[in-house]
Amino acid sequence: SAPHLESRAFGLYHEQDGVIANLAMPIWNWGKLYEGIVRSILTGAWSDEGEHNADRAMNYYMGMSTDAIDIICSQRLPARTRRLVDLLHERIRAGAFLPFVGPIVDQAGQVHVAADVALTPQEIMELIHTACAIMEHPEQYAHKCDGKILATLFFEPSTRTRLSFESAMLSLGGKVLGVASAESSSASKGETVADTVRVVSCYSDIIAMRHPKEGAPLVASMYAQVPVINAGDGGHNHPTQTLADLMTIYREKGRLDDLTIGLCGDLKFGRTVHSLVAAMSRCTGIRFVLISPEELKLPRYVKDEYLKKPGVPYTQSTSLEAVMPELDVLYMTRVQRERFFNEEDYLRLRDSYILTPDKLEAAKPDMSILHPLPRVNEIAAAVDNDPRACYFKQVKNGRYIRMALMLKLLGID
C-alpha cells in the first residue's frame, strides 16, 4: 500500500517490499521518533502490512517507552490496527525490542555492533586485555589487518571518533576509505541507508557508521555484507565510546566493580551516558549518581531497564557540589546544542554545570574525571593539569579498544 502522509510527515520511508528501511527526514530525539511510530500505527500506516512487517519495523526503531505504549493501548482503535498495537505492546513488554540489544548476528552469521555492545563481562575484559596488549606491543599487531579495508560512513560531524577508527585500522596495517559528511555522499541525492551499505560492502571488509538518525546503523546491519560498527546514532547510543570508557575506568581504578559513578550534564540526549549505564549496570557493587537539570534527566526507559529492573542503586541530584565527595568516577558531558528543538532552551541549560579546580577540592584524591569530548566549557581548562583528569587518556584508549574490536569482528587473532 502507498505510504500514509502521516508516516511521511514524521520521516518514515517505505521501501518497495513494504518494510521501513530508512529515515527520510531529520528526527531530533527519541520523543519525535516515538511520536512518528505511534502516529503511523494510530493512522493505520502499518495495519495492512501484517505482523511480519511490524516485527521488522520495530527491530529498526527501538526505544519505545512502555508507559507510552500503555497509553496508546488504551485508545479506541480499529480492530486491525488494535491487533497490531497489541502485538507491538506484547513484544516490547517481552523485551524483544529493547534499545540496547547488540551485537547482532544476521542470517549469514555475520556479527555487527549496531546497538550497545551487550558482551559478557568476560568478553569485555578480553577486549580490554587485547587493547592493553596492543598498547604495550604495537609492533606485534602492525600487520594484523594487511589487505583489509575499513569504510567510515560518517553522516554527522566527528573528529575524534572518525580519526580514531581510521588510525586504528591504519595501525593494524589496513586501509581506509569513506565519507565525512552526508553532503559528500549519495545520501544527499536521496539514497537510503540500506542501499548505501549494500554498495559500500562491495568495497570494504568492515564499516563504521555514524548517523544523526537513531536506528540507522541497525538498518545498515540488516543489509550489509560485512560487519557494521555503530559509531554513534543520534541520541541513542555510542557503543565503542562505552568500550573506551570501560577501558579507561579499568586502567585508572584497577576494576569495574564496587564504584560510585557520577554522571553529570545532559543525561537525556547523551548517547554515551545511556550506553555506559547499560554496560556498568551489569557490574557488581555499582552505584550511580545522576546529576542534571530537571529538563535533562536520564530517560525513564533507561532507568527502568538498567537501574530499577536489576536493582542497581542510584540517586538523582541537581547539585554537583553536594555529591562530589561520594564519587569514584565523575563522567562529565556537554549540553548538546544539536539535540535541542530551540535555541532558547539550549542557552538556558548549557552552563548548568562547569567543573573548576575549586569544585574539585571536595573530591576524592583518586577520583577519575572522564568526558567523551568534545567539551565546550563544562570543564575549565585549568582542570586539565589535575592528575585526576582522564579525558585525553580516554581518547588514546579509544583508539586501542577499537583496534581490538575490529580484530574481533574480523576474526583475526
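Which residues does Asp328 touch, not counting residues up to four places away in sequence? Contact here is heavy atoms within 4.5 Å, and the list runs to Lys253, Asp258, Leu259, Thr260, Lys364, Asp366, Met367 and Ser368. The model is a predicted one, so local features need pLDDT of at least 70 and side-chain atom pairs pLDDT 80 or more, while totals for chains, interfaces and linings use all residues. Numbering starts from 1 along each chain as its sequence is written, and side-chain values use heavy atoms, with hydrogens and water left out.

Asp328 sits in the loop between helix 13 (320-323) and strand 12 (329-332); helices (H or I, at least four residues) and strands (E, at least two) are DSSP runs numbered from the N terminus. Asp328 counts as buried because its relative accessibility is 11%, where buried means under 20% relative accessible area, exposed over 50% and partly exposed in between (1.4 Å probe, protein chains only). Its side chain also reaches the backbone nitrogen of Thr260 at 2.8 Å.

Then there's helix 6 (residues 121-136): 16 residues, spanning 22 Å from first C-alpha to last, close to the 22 Å expected at 1.5 Å a residue (the expected span being 1.5 Å times one less than the number of residues). Its buried residues are Ile124, Met125, Leu127, Ile128, Ala131, Cys132, Ile134 and Met135, and these pack against helix 10 (239-253) and helix 15 (391-409).

Over in strand 6 (residues 175-179) lies Leu177, which is partly exposed, with a relative accessible area of 33%.

Definitions and conventions. Polar contact = N/O pair within 3.5 Å; in protein donor to acceptor, adjacent residues only side chain to side chain.
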